[in-house]
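These are my notebook entries on a structure that was new to me. I set down what I looked up, entry by entry.

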Amino acid sequence: MPELNIPVGVSDFREIRQNGYYYIDKSGLIRELLKNTATKVTLITRPRRFGKTLSMSMLENFFDIRKDSRAWFEGLEIARDSELCQAWMNQWPTVFFSLKDIDGLNFESAYGQLKAQISELYKKYAYLLEYDAIDPDDKQNFLDLKAGRAGEVQVSRALSLLLRIMEAYYQKPVILLLDEYDVPVAKASSNGYYEQMLEVIKTMMSTALKDNSCLRFAVITGCLKIAKESIFTGTNNLVSDTIGTSGLNEYFGFTQKDVDRLLEDAGADNQAENIKAWYDGYRFGNFEVYCPWDVMNYLRDFQQNPEARPVSYWKNTSDNAIIRSFIDYAGGAITKKLETLLSGGYILQHIDENLTYDYLHSSEDNLWSVLYLTGYLTGLREEELPGAVPDGMAALRIPNEEIREIFETTIRKWFDDSAKTWNRKDLFASIWQGDSEAATEEINKLLRRTISYHDYREDFYHAFLAGIFTGAGYAVESNKEHGEGRSDIVVSDYTDGWVAIFEIKYSDSPEELETDCEKAIRQMDERMYAVEYEEQYPAERILCYGISFFKKRCLVKKKA
């Protein structure tokens, strides 16, 4: 198997090229951005983990007048355009600034992070202080920002000042690359200081971008397109490139052609089907793309272990909190739509690409829009649908197995947490009293409150039933081996000396509920599930239940 130096978590273009790490050529992005140099500000929004920061690093290395980047671009698509490279490669003063780490539980903490980030930025350009013609006031502001002792007004105008000094120093307007611009306001919205942070970022954007003669052009990336009136107030000639358009979409994410070549180079052609099922399915404009973060992570694991199976590399990221907040919001209509998506179907939904973080949770439409814009849902092509989509609507589905697993995991956690707050007293009483009818009634009530997944297969009901008893003071065992087989659920009440054994069946129709309950009870008898408990409990305290489920209906029967 060929050994590729697959970079995971490396977003520095120079580091990747200098060290010979594997790189999917996205340098054509440079030509696309330069097709219309009259565009002053280009805003590119994509979900996280789709290569935005690496692309911005590539742009910085290409344009920056202080670098000699020819070796790093050698052999790439853009290097074949010698005329463009002569005019633009390492010919322009360039500022690359990332806001991705601006976070905090309160404004003071996050603002402190912003000041520290600006201080680090200014230290990179300390040589500008040697410029004799620098205005004394500008020089003092520069020193304050560099030392981290600037006031809020100075901080909010830090980019504007830096562009002005650089333009005077080089006698050329400056290219500004601003990465993850929306992170500070997103974090602020989550932690209750949105208005304070928005005011700082809005002023920073306005003074740097609006009618600024020192600016050659700017490229800005983020996850969401924040409404212009909220953060880009007064910014003229701003062009947005979102997942709903088709301008730059082949440059963010891996196309099928990219993945085919990568699999061939890695000697992993036999994994094409798995990778497609787990990490493909995103539709950006007219392009179907894979998540590059996942593909590279999986191929790295595959090189180390050819038996490695695809897993969710998004699962343990904090970004998944958006799904939990969405499910917490869920009402009847949202629950039904989630169940449709989890069963492999699609929903029709209004999508708004112009949002403000303070109103994300103000409506159901906004929540669906966020799930779409952050990559948890994707759009279908019209040819995949039975009819035309109404104006202003989009047909949405879950893109792949990875995201489906994240939804299911989040729903299971939501149910486990929610079940602890539900009144289950009557259910528990019915179980220990051997009252099958009352147990049937109580479990049906809880079923109606759940969000189902896996198209109502047995594992859904298994997790559902275990979740009801977990955290209620009982010992809960799943698939416990005893007798001549494995029962589905065993619940033990050590305090009062009871044990309940459950065998679960999934019915194909409501009419089969009773028959399947009886099958479950016969199975418990034949495989002697109760035998091992006979030394610990009196026979009357060993309760065996057959439970059959059909969608959101159930029937409980007790073994006589």
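Entry 1. I looked up the contacts of Ser-430, taking contact as heavy atoms within 4.5 Å. Leaving aside residues up to four places away in sequence, Ser-430 touches Asp-435, Ala-438, Ala-439 and Tyr-545. Ser-430 belongs to helix α20, residues 425–432; helices are DSSP runs of H or I with at least four residues, strands are runs of E with at least two, and both are numbered from the N terminus. Is Ser-430 buried or exposed? Ser-430 counts as buried because its relative accessibility is 2%, where buried means under 20% relative accessible area, exposed over 50% and partly exposed in between, with a 1.4 Å probe and protein chains only. I also noted that Ser-430 and Ala-87, 343 residues apart in sequence, lie 80 Å apart from C-alpha to C-alpha.

Entry 2. I recorded the basis of the values. The model is predicted: local features need pLDDT of at least 70, side-chain atom pairs count only at pLDDT 80 or more, and totals for chains, interfaces and linings use all residues. Residues are numbered from 1 along each chain as its sequence is written, and side-chain values use heavy atoms, with hydrogens and water left out.

Entry 3. I turned to Tyr-329, which is placed in helix α16 (residues 321–329). Tyr-329 is partly exposed because its relative accessible area is 36%. Its C-alpha atom is separated by 9.7 Å from that of Ser-363, 34 residues away along the chain.

Entry 4. I then took the protein as a whole. I found 23 helices and 15 strands, and a C-alpha trace that spans about 95 × 50 × 50 Å along its principal axes. Of its 560 residues, 54% count as buried. Among contacts between residues at least 6 apart in sequence, 72% join residues at least 24 apart.

Entry 5. I looked for open space, where a pocket is an open set of points on a 1 Å grid over the protein atoms alone, with protein on both sides within 12 Å along at least five of seven lines, and lining residues have an atom within 4 Å of a point. The largest pocket holds about 870 Å³, a volume being the space filled by probe spheres set on points joined across faces, edges and corners. Its lining has 34 residues, and those closest to its centre are Ser-11, Arg-49, Phe-50, Gly-51 and Trp-293. Helices α3 (52–63), α10 (183–191) and α15 (292–304) each supply at least two lining residues.

Definitions and conventions
1 Å grid on protein atoms, 1.4 Å probe; cavity = no way out; pocket = protein on both sides within 12 Å on 5 of 7 lines; lining within 4 Å.
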